[in-house]
Amino acid sequence: MNKMELIAPCHFGLEAVLKKEIYDLGYEILKVEDGRVTFEGDAEAVCRANVFLRTAERILLKAGEFRAETFDELFEGIRAIPWEDYIPRDGRFWVAKASSVKSKLFSPSDIQSIVKKAMVERMKQRYHVDWFEEDGAAYPLRIFLLKDQVTVALDTSGDSLHKRGYRTMTSKAPITETLAAALILLTPWRQDRILVDPFCGSGTFPIEAAMMAANIAPGMNRAFTAEQWANLIPRKLWYDTVEEAGQLIDLTAGADIQGYDIDREVVKAARENARRAGVEEMIHFQARPVAELNHPKKYGFVITNPPYGERLEDKAVLPELYSQIGEAYGRLDSWSMYLITSYEDAERYIGRRADKNRKIYNGMLKTYFYQFLGPKPPKRSRQQEGTDKNAAMAADRDAAMAGRRGTGSNGTDKE
């Protein structure tokens, strides 16, 4: 199997971020729809997309697409797909999820049942058996119906890609890793700029930012369902992809990333999550309320997911809390602030209107990503850039000399 269509679902409203990620990986974009991006790639692309993409929820291998308004049409459409090209005789296959939007067929359980029966009928004819043991590798399917158009895909990821493997302890209302990464990528933050999350919770924003700064691929320390698909993807491709990811890591990357939370136990959990992610040394965590947020440096970023009533029993505290956010932000000279919330009076109590806001669905919850934009830092002069370059060259020379120290010109050790 050479080229194939791959579907990457994502949070609604963040398709453009994922599209750029896929493009930067070197793959051709075929289609962008609400909540998903379709692109073209080979077997290696399945591995690299799972390991490297920060904002995709999973990677699906498209097996077929057709129109169906009746269960008979659904059955025949599924049976026409060459399942023997995807699933071996001992493969374990089932419909992990079926969803229907604005379609005549709307019962997920009935859709799942019909699809399974049609697959079995097709494979019985091709493999010349009446019974499948299904004791081999897992091949879960996902079925989408939109306006009677059926899309059928194999799930290569298994667990959602937001499960990086580092977050074993979470706060009461954590933001997912994929959403946090996407929101950071929506900002102009780079590793040479300060980043503070005053409601860090389990540390997701600071950890995702640190992983970006150190160029740590989000999926390099977890497993994927398609790793067992030897009939479709050679095992070596997974090893090669993880090796590629490992070679790109730079833990010497300088970054000023800080995470605060009023709950000391939550901060402790955030530190442990950062340790598991391999970025503990890159983040400063501290138990501190937002009212004490301050920083002497200029041109930093606040990127945060403050409480918005979903996890607070008494919404009456929100006006005071958001007022404190506004007061703290007012003390930060030339900073930008980005926060995601569903609290409708956020701007009112922060004390100013956001320069931009973006509607984003956090699961089924409609939220807004408010963007308060500070000024850009002044560009460095050519003289300063030259000074920095000379200093870097001098440091490289010193390091090279240190490496040769104790060795004579003929390669023998000096006494």
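Tutor: A residue is buried if its relative accessible area is under 20%, exposed if over 50%, and partly exposed in between (1.4 Å probe, protein chains only). This is a predicted model, in which local features need pLDDT of at least 70, side-chain atom pairs count only at pLDDT 80 or more, and totals for chains, interfaces and linings use all residues. Residues are numbered from 1 along each chain as its sequence is written, and side-chain values use heavy atoms, with hydrogens and water left out.

Student: Is Thr-241 buried or exposed, and with what relative accessible area?

Tutor: Thr-241 belongs to helix H7; helices (H or I, at least four residues) and strands (E, at least two) are DSSP runs, numbered from the N terminus. Because its relative accessible area falls under the 20% limit, Thr-241 is buried, at 2%.

Student: Which backbone oxygen does the side chain of Thr-241 reach?

Tutor: Contact means heavy atoms within 4.5 Å, and, not counting residues up to four places away in sequence, Thr-241 touches Cys-47, Arg-48, Val-51 and Phe-52. Its side chain also reaches a backbone oxygen, at 2.8 Å, and that oxygen belongs to Leu-237.

Student: Which residue in E6 is the bridge partner of Trp-94?

Tutor: Strands pair if DSSP finds at least two bridges between them. E5 (residues 92-101) and E6 (residues 138-146) pair in the parallel sense over 9 bridges. Within this pairing, the E6 partner of Trp-94 is Pro-140.

Student: Why does the pair of Tyr-139 and Trp-229 tie together parts that are apart in sequence, and how many residues apart are they?

Tutor: Rings of Phe, Tyr and Trp (its six-membered ring) pair if their centres lie within 6.5 Å; planes under 30 degrees apart count as stacked, over 60 as edge-to-face and the rest as tilted. Tyr-139 and Trp-229 are stacked, with 4.9 Å centre to centre and 10° between the planes. Since Tyr-139 lies in strand E6 and Trp-229 in the loop between helix H6 (204-213) and helix H7 (235-248), the parts joined are 90 residues apart.

Student: Which residue forms a stacked aromatic pair with Phe-224?

Tutor: Phe-224 counts as buried at 6% relative accessibility. The ring paired with Phe-224 lies 5.5 Å away centre to centre, with 20° between the planes. Its partner, in helix H7, is Trp-238.

Student: At what distance from the ring centre does Lys-116 lie over the face of Phe-93?

Tutor: A charge sits over a ring if NZ of Lys or CZ of Arg is within 6 Å of the ring centre and within 35 degrees of the ring normal. For Lys-116 over Phe-93, the distance is 3.8 Å.

How values were computed. Polar contact = N/O pair within 3.5 Å; in protein donor to acceptor, adjacent residues only side chain to side chain.
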